[in-house]
Amino acid sequence: MAKAVKIKKNVEEGLFDFLKSLLETEKIKGVFTLKKMDDNGAVSYSLITSPDEFKKAVPLYPFMPVNAGKALSSFTLLGKTEEPIAAVLRPCELRAFVELIKRAQGDVENILIISLSCGGVLSLNLMGDKDQESTVSKYWESVKKAEISPDTRETCQFCENFLPINADITVAAVGNKDLDKEFTLFFNTPKGEEFSKEASGSSVSEEIETKEINDFKKKREELKEKFFKETQSEDTGLKSLVNIFAPCLGCHGCSHVCPICYCTLCEFDSKTHNYPTSSLGSDLMVKGGLKVPSGNLLFHLGRMTHMAVSCVSCGMCSDVCPVNIPVATIFSKVGSSLQKEFDYFPGKDIEEPAPQGTYKEDEFTKIGEQ
Amino acid sequence: MNKNIGVYVCECGPNIPERIDIDKVVKELSSLNEVKTVKKHSLLCSNDGKKFLKEEIEKEELSHVVVAACSPKDHENTFMKVCEEAGMNPYLFQLVNIREQCAWMIPDKEEATSKALKYIKAGIHRVMYHDPLEKKELEIKVDVLVIGGGISGIEASLSLAGPNRKVHLVEKTDSLGGMAGKLSQILPHQGSKIKLVKEKIEQAKNNENINIYTSSEVKEVRGFLGNFEAVIQSNQENEEGKVEEIKAGAVVVATGFDLYDLKENPAYGYGENENIVSALEFEDMINSEKIELKNGKKPKSVALVHCAGRKEKGYCSKVCCLYNLKFAHYLKDNLPDVEVKELYMDLCLPHKQDQSYFDQAKEKGVEFIRMDEIVKTKKSGDKIEVEYKNNDKTDKLSVDMVVIAPAMIPSKDTSELAELMNLPLDKSGFFKELHEMLDPVATPMEGVYITGCALGPRNIPESMTQSHATSGKILSSLIPGRKVKPEVKVSEIKEDLCTGCQTCLSVCFYGAISYDPFKGVSVVNEAICRGCGSCVGSCPSGAIRSKHFTYYQLYQEVMEALR
Amino acid sequence: MNNNQKETKTNPKKGKILPAEKGIREEVLNIFKKALADNIFDALLIPAKVPNTDAYSWILLQDESLFDIADPLPPVMTVQGGRALSSFSKNGELDLKIAALMKPCEIRAAVELFKLHQIDLNLVTLISIDCPGAMPLTDYMNDPKKIGESFKKISEKWEISESLRPACQNCHRFSLMDGTASDLHIGLVGENNKVTLIPNSSIGNDLLEKLGFEPNDSLKEWESKKEKLVKEKTKKRDAFLKEWQEKTKKTDGFFNELNKCINCHNCMNACPICYCQQCYFDSQTINFKPETYIQKTKEKGALRFPLNTMLFHIGRMSHMVLSCVSCGACEDACPVSIPVGRLFSMVGDQTQKEFNYVPGLNREDPLPLQDFKEDEFCEVETPNECEEKVTEEAK
Amino acid sequence: MKNQNVLVIGSGVAGMEASLVLADAGLKVHLVEKDSLIGGQTIKFEEVYPNMECATCMLAPKQQEVLQHDNITLYLLSEVKKTEGSLGEFKVQIEKKARYVSLINCIGCGACYDPCPVSLDNEFEEGMSQKKAIYVACPGALPNAPAIDPENCVRLNGKKKDCNACEEACGFDAIDFTEKDETVNLDVGAIIVATGFDQFDVSSLPEFGYGKHPNVYTAMEFERLYAQNGPTSGKLTLREDKPIKSAGIIHCMGREEKGYCSGVCCMYSMKFAHFIKDKAPEAKIHEFHTDLCIPGKSHQKFYDGLKNKIEFTRYEDIEVKGKNGNLEISYTNNGKKNSIKPDMVILSPAMVPSAGTENLAKILGISQDSMGFFSTQDQNLSPIDSEKEGIFVIGCAEGPKDIPESVSQAEAAAGRVLSFLQ
């Protein structure tokens with residue numbers, strides 16, 4: 001049972017102080033966390049080393065400007081960090097980081113992972129909104145009550161994996177009514193416990209999985225059902241995908257922000273997928289017309305085959321889509337069914353190899369039999 | 001490949017230790033785990049030093065070497081040779097200049113030492129990312145293509161053609177000789193006729209190693225030093241448009257000049273009166289030995305007008321003064337009682353014996369009148385009145401005949417040819433030499449040379465001298481059996497990143513880049529590329545890298561230096 | 001390259017005015033139906049509404065039935081037309097005669113891409129159309145019905161509405177310019193329910209001829225209305241430029257606008273001018289060890305991830321801004337609604353003036369950066385010689 | 001012509017170019033230089049017209065090439081004493097004076113100068129600075145190694161037999177007092193003469209007060225005065241170290257006396273003006289010329305650029321007076337007398353044959369023209385062929401000319417030799 005410490009402070013400032021003390025006592029050399037860029041509500045995910053800069057840190061601010069897993073990967077791409085670093089990630093970001101580590105795109109060593117029971121984040125287009133602050137406080141209210149905030153992104157609303165796996169320290173946020181007075185830190189790993197004495201509070205014996213949490217989980221599972229149904233139009237399969245992706249501009253923003261899409265140059269941006277002018281005539285002959293730029297659907301399907309099995313449903317893709325395609329909903333829907341097939345849970349276990357890299361004899365035997 | 005990096009610090013006698021604490025440098029460098037060995041030596045460029053370095057490389061099995069010593073200008077090649085002899089790839093070597101750039105610059109020993117350290121570390125980090133470039137060798141052809149059959153072209157052909165060297169001489173018109181051929185066979189400094197041009201033409205025709213293409217034009221030239229291919233198109237009526245492809249090792253451009261169109265400035269009154277003639281027309285009169293007015297009478301007075309077009313064109317054509325003197329002499333010798341007046345701006349007689357030629361003319365009674373410009377030239381009665389300005393007051397003189405010396409201007413197809421062979425032109429529209437001072441007949445295109453008035457106004461002897469100069473350059477670079485070694489540090493293009501926008505083509509000074517329409521990408525011709533890097537800078541998608549100066553190498557070097 | 005002063009100069013050209021009882025869209029489409037039927041060209045590139053969705057897209061159509069979904073004046077600009085045209089014409093030689101009906105800003109982009117060898121215009125007829133502007137993409141996707149309706153109203157009245165895309169509100173080049181960009185222009189601002197065809201090149205003339213139209217109607221009506229609108233919009237644009245130059249006087253002012261950026265690079269991917277196969281700033285030319293990042297962080301106190309957010313925008317700007325046609329595609333594509341289109345348009349405006357260059361105005365104008373003029377910026381490099389040059393010119 | 005060796009006399013810009021072209025062709029070149037350094041007159045110039053390029057930087061690479069080329073044997077402090085034979089089979093005798101400093105060991109660190117007790121006028125700097133008995137002509141001289149002047153070295157001229165100051169100072173035992181003069185005999189196929197020019201002695205024209213008034217300079221003095229590696233390290237001052245407020249530059253010194261125009265003075269005089277304007281923009285510059293001889297496509301432009309910055313006057317008659325240090329140039333310009341009072345006067349003298357020309361002509365068995373330059377067969381046909389087949393005369397040894405023409409002739413000479421060999 002994990003060591004738990006109750007801190008008698010508002011959760012935001014409590015975590016802030018905790019990290020601050022880690023930084024000042026030089027137990028760690030830097031913190032990865034959200035930071036306010038200006039007074040207009042813009043936040044960015046930053047590595048902070050100076051206590052002075054840290055004043056602008058807002059670790060639990062409900063926005064996801066970048067999937068932190070992607071950020072940590074670019075930080076440790078060439079190897080582990082020598083100096084100890086702390087990083088605040090949401091559960092899905094953590095899962096993404098784990099998936100990237102499996103693919104040699106990052107290294108967790110010397111990184112103190114701090115996560116939380118996540119109430120979701122607000123849609124990015126609310127960032128810089130004039131009544132941003134009120135929206136945020138409304139958000140916290142719903143977190144306390146373990147309710148699904150309507151302002152959070154669709155993906156968050158149906159996310160049932162809101163408890164972190166592999167976190168050294170977990171902040172218990174969801175369902176704590178007195179969140180602005182007190183909160184509990186769980187130190188799940190020996191690495192985490194090293195830092196427990198920095199947390200100025202009384203150690204308690206608590207479990208992170210409470211009744212509230214479980215109810216919350218149920219609510220989200222229900223929503224998931226609902227959203228997945230919605231995307232299921234009467235005509236199934238390709239036809240429905242064609243309609244869903246019809247507005248796609250081919251900006252490929254989704255793959256750009258996707259933590260699992262780690263390729264330097266996406267194959268679908270490469271020359272192999274430039275449309276060969278020579279085939280124009282024949283294509284028109286056959287179809288009578290051609291949607292240009294062509295190949296948008298192919299891109300989404302291709303990307304899907306490449307990463308769906310590792311999709312952690314972080315929702316970044318939906319967030320950046322300029323034409324409101326529910327990319328994340330589609331991908332996590334396909335993802336979760338695919339992951340079931342491989343009975344693989346992305347981001348659970350660093351040691352567990354990614355399905356493409358393993359061969360199990362009995363895999364898909366059904367297909368063989370048919 | 002595992003990197004064994006050796007660092008060698010040269011003391012250069014007292015030069016470097018005076019200002020740099022070499023032992024400290026060696027000590028600190030030894031602590032780096034990137035390097036295998038660090039040693040110092042009193043004078044690495046000495047024979048004993050080179051021997052030491054060679055043995056070190058072999059003993060330590062070094063793959064990369066950094067030498068901290070003097071300016072690369074002094075000894076980069078020296079040490080690269082040593083590396084090569086020691087069986088190392090010479091491009092895995094980096095020379096760090098701690099003498100000129102540290103020891104000789106910074107009085108304070110502390111500072112100098114730390115700067116030297118930074119530099120050497122930068123050098124180490126650079127060399128780590130060096131690629132083992134390979135030297136290449138290419139077979140060459142020794143034949144030469146000469147464009148232009150004027151005196152320059154002929155002279156070049158004559159001095160180039162030999163038992164194992166053919167010359168292809170291409171002339172646009174139907175006969176050799178060019179401008180010089182049109183001149184009277186009398187040249188300055190001697191009254192008597194000589195057959196300069198005719199003789200040369202004969203020699204050229206009789207030389208079995210010179211193929212002459214008259215009424216022909218060069219339509220295409222591609223390639224590089226030692227390996228040019230050219231397309232020659234014939235315009236002779238019987239074989240209209242027939243093309244021939246020839247191969248050559250070098251190209252000589254001798255396309256000569258044209259004359260300033262006197263009609264451009266009405267002040268000269270050219271064309272308005274038959275007794276106002278151009279210098280070229282007067283040369284004809286000399287040829288036909290008939291100096292007379294249109295009415296058949298001999299002129300009693302002649303005005304020789306210099307510098308027509310000088311102000312308009314913005315340069316002095318250098319030769320006009322002299323041939324005007326020649327005219328004066330000729331007139332005085334052949335029409336004893338003729339009055340000769342020379343109207344000049346500045347006498348430009350830059351050759352040692354010209355002055356005396358001028359003095360003789362004076363003795364013969366030729367009158368020299370300074371002027372700033374010609375105001376008007378018009379008929380008055382049966383005479384011609386020339387009105388000219390001389391320091392702000394205008395003056396007149398009236399004569400029977402006026403001879404006007406027009407400026408020399410680029411021959412009309414110069415720009416076209418420049419386009420074709422991608423050669424630069426200067427402000428005046430003549431071909432531009434590679435270096436105005438030290439390389440007066442070479443061009444940016446290695447293996448392409450220019451001679452004579454294609455480069456700007458000059459007289460016959462100078463043109464011929466330059467023709468010999470071009471043959472000097474060619475004969476010393478294209479030797480039968482020898483190979484050319486193209487530059488190794490060239491640019492290369494990542495095909496999968498190139499979008500074929502051809503921006504690089506427009507910035508390449510040497511015409512080394514071409515476009516491949518099938519692949520839709522730009523392609524570097526490594527034999528022509530000199531590795532200047534312009535294209536690298538111009539490519540928006542970073543598809544071009546310059547070998548040995550890659551972004552990575554430079555970045556790592558700078559990063560270290562700034563650390 | 002000095003045409004940018006002359007842009008609004010009236011040209012004495014004549015054109016063909018067609019009645020449009022069934023409405024302008026119908027009439028315009030009819031012209032192309034005829035042209036396609038008479039094989040004047042093989043295919044038409046035109047915006048279209050994707051069946052059973054509210055989405056718009058580009059379609060290269062050959063089959064007449066597809067005209068039902070075609071729409072010359074869609075409420076939104078999905079993909080920038082220049083980009084669409086380039087997407088299928090840059091990899092090899094076209095062997096079909098193609099007509100492309102595009103907004104003026106898209107035509108300009110096409111011309112820039114043509115100069116950059118990203119479009120093969122050999123068999124392409126560029127047809128521009130008076131553009132009432134378009135609605136912000138996200139707004140439309142949020143409520144297609146409502147926004148679609150209001151666009152209809154706005155476009156009919158040619159009003160400079162606040163609900164248009166900012167780029168369109170500030171666009172003074174929404175009609176035919178005195179250049180060689182498009183072959184044929186379709187004037188709409190003229191008399192209501194009339195379509196005015198203005199040939200702008202020999203190809204344009206042939207096209208009209210083949211269609212059996214005699215271009216001998218006066219363009220006065222259209223001209224004067226257009227002039228009026230151009231004036232209004234120019235005023236609007238100048239105001240906008242002034243405001244934003246003020247806003248971004250200090251570099252902070254400039255960078256603060258980009259604070260929200262999340263490095264999705266949508267702006268670049270939507271930009272017609274960003275034609276690189278892979279953007280230099282995606283190439284990860286350099287990666288560092290964590291220590292290096294920590295070192296960098298210690299120098300500044302904090303380091304923003306993903307890296308080089310500002311560098312990307314500045315770099316992209318330096319690469320493409322001389323050709324920026326102010327189409328606003330970047331701003332439309334930005335998920336965090338950064339006014340990136342306005343920023344670039346503003347910087348572009350100033351830079352292009354420096355080079356006395358109007359992107360997409362003339363096909364012949366060389367790209368400033370590929371065209372070396374010795375005395376260019378001499379006041380910066382060699383002031384002394386520069387003076388001499390000036391005096392020489394004076395003479 | 002079987003013998004593939006060539007003798008080049010003089011290592012100025014022409015001599016070097018000829019040597020390099022031939023050496024690149026694989027011929028063995030013997031380059032004889034009477035001085036202790038190579039580069040000739042050009043390396044004395046700070047900048048060259050019309051592009052104002054730094055001459056030393058421009059030439060350094062060529063000098064390095066000459067020094068490092070495997071096919072070039074360099075004889076410094078050497079002179080040709082005897083020649084006989086004809087094209088293809090010349091026999092040449094060279095006298096090579098001792099340098100007393102080993103070029104192999106010496107690295108040019110300069111440690112040996114200071115200890116040397118002797119100090120002398122440095123003729124390379126037109127006597128405007130001092131040098132030691134062990135010296136390099138100027139910083140950056142190549143080869144970068146000093147030589148010892150035997151007349152003045154107290155050790156060698158016997159005044160102080162035990163002096164070994166320099167020897168002690170040298171860390172590389174580069175100094176060798178025992179070195180002896182030697183004579184070298186060579187067989188060569190052709191000879192190229194590139195002995196350059198000297199400047200007309202303006203002190204022979206008393207009316208210009210050179211030598212009388214300190215601030216009357218010759219062109220070459222001025223070249224050194226503004227050279228970065230010159231006596232004042234490029235600081236532009238009058239003799240009494242005062243800034244220059246006004247200067248008069250007088251062209252055509254000795255044109256009449258010599259009876260020819262040197263063709264380059266106008267341009268370099270304007271170069272001076274340009275340079276002074278550069279360093280002292282306020283300074284008033286006055287150019288006094290007769291005929292402006294500025295051929296060449298870019299020269300007129302150079303002049304046009306300068307015209308509106310400085311005064312140009314055409315003089316018929318001119319002289320320089322001086323009262324207690326104040327100079328006055330009085331001149332007549334179309335009949336009118338006039339005068340100015342500059343701080344500095346620069347005299348642009350004609351180019352005259354270099355000192356040894358007459359002697360060398362005898363040795364080579366070729367003649368001089370009326371002006372004393374080596375005469376060549378025919379100005380129109382073969383301007384670089386001497387009367388003797390196989391002996392070529394290039395650069396200013398053949399007559400006054402500028403650098404590009406000299407280089408052209410050098411390459412031409414090489415061309416002639418090589419086409420003989422074909």
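Helices and strands here are DSSP runs, numbered from the N terminus. With that in hand, welcome to a quick tour of this predicted model.

**How the chains meet**

- Chains A and D, by contrast, have no contact with each other, and their closest C-alpha atoms are 44 Å apart.

**A sheet with strands from chains A and C**

- Nine strands are listed in this open sheet of mixed pairing, in the order E8(A)-E1(A)-E7(A)-E6(A)-E5(A)-E4(A)-E2(A)-E3(A)-E8(C).
- Strand E8 (202-204) of chain A and strand E8 (302-305) of chain C stand at the edges; each has a single partner strand, so one side of each lacks a neighbour in the sheet.
- On average, and with direction ignored, neighbouring strands of this sheet are turned by 30° against each other.
- Inside the sheet, strand E6 (residues 169-172) and strand E7 (residues 183-187) of chain A run antiparallel and are joined by 4 bridges. A:Thr170 has A:Phe186 of E7(A) as its bridge partner.
- Helix H1 (residues 11-24) of chain A packs on the sheet and touches several of its strands, including E6 and E7 of chain A. The direction of H1 makes about 45° with that of E7(A).

**Nonpolar cores**

- The largest nonpolar core has 112 residues, and those touching the most other members are A:Phe18, A:Leu19, A:Phe32, A:Tyr45, A:Leu89, A:Ile114 and A:Leu185.
- H1(A) supplies the largest share of this core, with 7 residues.
- Which residues does A:Ile114 contact, leaving aside its neighbours within four places in sequence? Among them are A:Leu15, A:Phe18 and A:Leu19, along with A:Ala86, A:Val88, A:Ile169 and A:Val171.
- A separate second core of 79 residues includes B:Val142, B:Met437, B:Tyr449 and D:Ala410.

- All 6 of the 6 residues in strand E1 (residues 5-10) of chain B are buried. B:Ile5, B:Val7 and B:Val9 lie on one side of E1(B), and B:Gly6, B:Tyr8 and B:Cys10 on the other.
- E1(B) pairs with strand E2 (residues 35-41) of chain B in the parallel sense, over 6 bridges. Within that pairing, B:Gly6 has B:Thr37 as its bridge partner in E2(B).
- Helix H11 (residues 320-334) and helix H12 (residues 354-363) of chain B have axes that come within 10 Å and cross at roughly 35°. The crossing of H11(B) past H12(B) is left-handed.
- H11(B) contributes B:Leu322, B:Leu325, B:Lys326 and B:His329 to this contact, while H12(B) contributes B:Asp354, B:Tyr357, B:Phe358, B:Gln360 and B:Ala361. By type, the residues of the contact are 5 nonpolar, 2 polar and 2 charged.

- Is D:Glu125 buried or exposed? D:Glu125 counts as buried because its relative accessibility is 2%, under the 20% cut-off.
- D:Glu125 sits in the loop between strand E8 (119-121) and strand E9 (130-132) of chain D. Beyond its neighbours within four places in sequence, its contacts include D:Arg224, D:Asn229 and D:Pro231.
- A:Val320 belongs to helix H13 (residues 316-320) of chain A and is buried, at a relative accessible area of 1%.
- Leaving aside neighbours within four places in sequence, A:Val320 contacts residues of chain A, including A:Gly253 and A:Val257, and of chain C, including C:Ile262 and C:Pro335.

**Backbone details to look up**

- The peptide bond from C:Phe305 to C:Pro306 is cis, with omega near -10°. C:Pro306 is in the loop between E8 and helix H13 (309-320) of chain C.
- Another cis peptide bond runs from D:Tyr49 to D:Pro50, with omega near -5°.
- B:Gln502 is not a glycine, yet has a positive phi of about 65°. B:Gln502 lies between strand E23 (491-493) and helix H15 (503-507) of chain B, in a loop, and is buried at a relative accessible area of 14%.
- D:Ser233 also has a positive phi, near 50°, and lies in the loop between helix H4 (219-225) and strand E16 (246-253) of chain D.

Key:
Residues numbered from 1 in each chain as written. Chains lettered and ligands numbered in written order. Predicted model: local features only at pLDDT ≥ 70, side-chain atom pairs only at ≥ 80, totals over all residues. Heavy atoms only, no water. Pairing = 2+ DSSP bridges. Helix = DSSP H or I, 4+ residues; strand = E, 2+ residues; numbered from the N terminus. Axes fitted to C-alpha atoms, helices over the stretch in contact; angles between N-to-C directions. Contact = heavy atoms within 4.5 Å. Core = buried A, V, L, I, M, F, W, Y, C linked by side-chain atoms within 4.5 Å. Buried < 20%, exposed > 50% of the residue type's maximum accessible area, 1.4 Å probe, protein only. Left-handed = near helix turned anticlockwise from the far one by under 90°. Nonpolar A, V, L, I, M, F, W, Y, C, P; charged D, E, K, R; others polar.
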